[in-house]
Amino acid sequence: VYNIKAQTMLNADAMYYLIKVIEDVDRISFAEVDNGMEQSYKQKFGIPDSMNLVIEVSDSGNANAKKVQFSIEYTFRDHSERIVINRLKIKEA
């Protein structure tokens, strides 16, 4: 029961951090969204070092949109868990 509860709490924490990052990326300008933003978000939201945040920005094939893949990974009892959310960042009018 302890292990299930601990893993559930870790998963909830990881999802919370990932949602906070996505919400912030939604608020910043199109030009600011680029690769290499992970460390600043880890500091901004206090994401622990035990959780690996990755933000991959790539071309969507449309000059007015970028593909953004958000993922966060953590390990619990030698088992890695990874949550991935894909979004489009649309250029402001």
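Two strands are taken as paired if DSSP finds at least two bridges between them; strands (E, at least two residues) and helices (H or I, at least four residues) are DSSP runs numbered from the N terminus. The structure is a predicted model, in which local features need pLDDT of at least 70, side-chain atom pairs count only at pLDDT 80 or more, and totals for chains, interfaces and linings use all residues. Residues are numbered from 1 along each chain as its sequence is written, and side-chain values use heavy atoms, with hydrogens and water left out.

The chain contains two helices and three strands, arranged from the N terminus as α-α-β-β-β. Its C-alpha atoms fill a box of roughly 50 × 25 × 20 Å along the principal axes. Of the 93 residues, 33% are buried (under 20% relative accessible area, 1.4 Å probe, protein chains only).

The three strands form an open sheet in the order 1-2-3 with antiparallel pairing. Strand 1 (52–59) and strand 3 (79–90) are at the edges and have a single partner strand each, so one side of each lacks a neighbour in the sheet. From one strand to the next, the twist averages 15°. Eight bridges join strand 1 to strand 2 (residues 65–76) in the antiparallel sense, and Val57 lies opposite Val68 in strand 2.

Helix 1 (residues 2–27) packs on this sheet and touches strand 1, strand 2 and strand 3, contact meaning heavy atoms within 4.5 Å. The direction of helix 1 makes about 160° with that of strand 2; axes are lines fitted to C-alpha atoms, for helices over the stretch in contact, and angles run from 0 to 180 degrees between N-to-C directions.

Notes:
Buried < 20%, exposed > 50% of the residue type's maximum accessible area, 1.4 Å probe, protein only.
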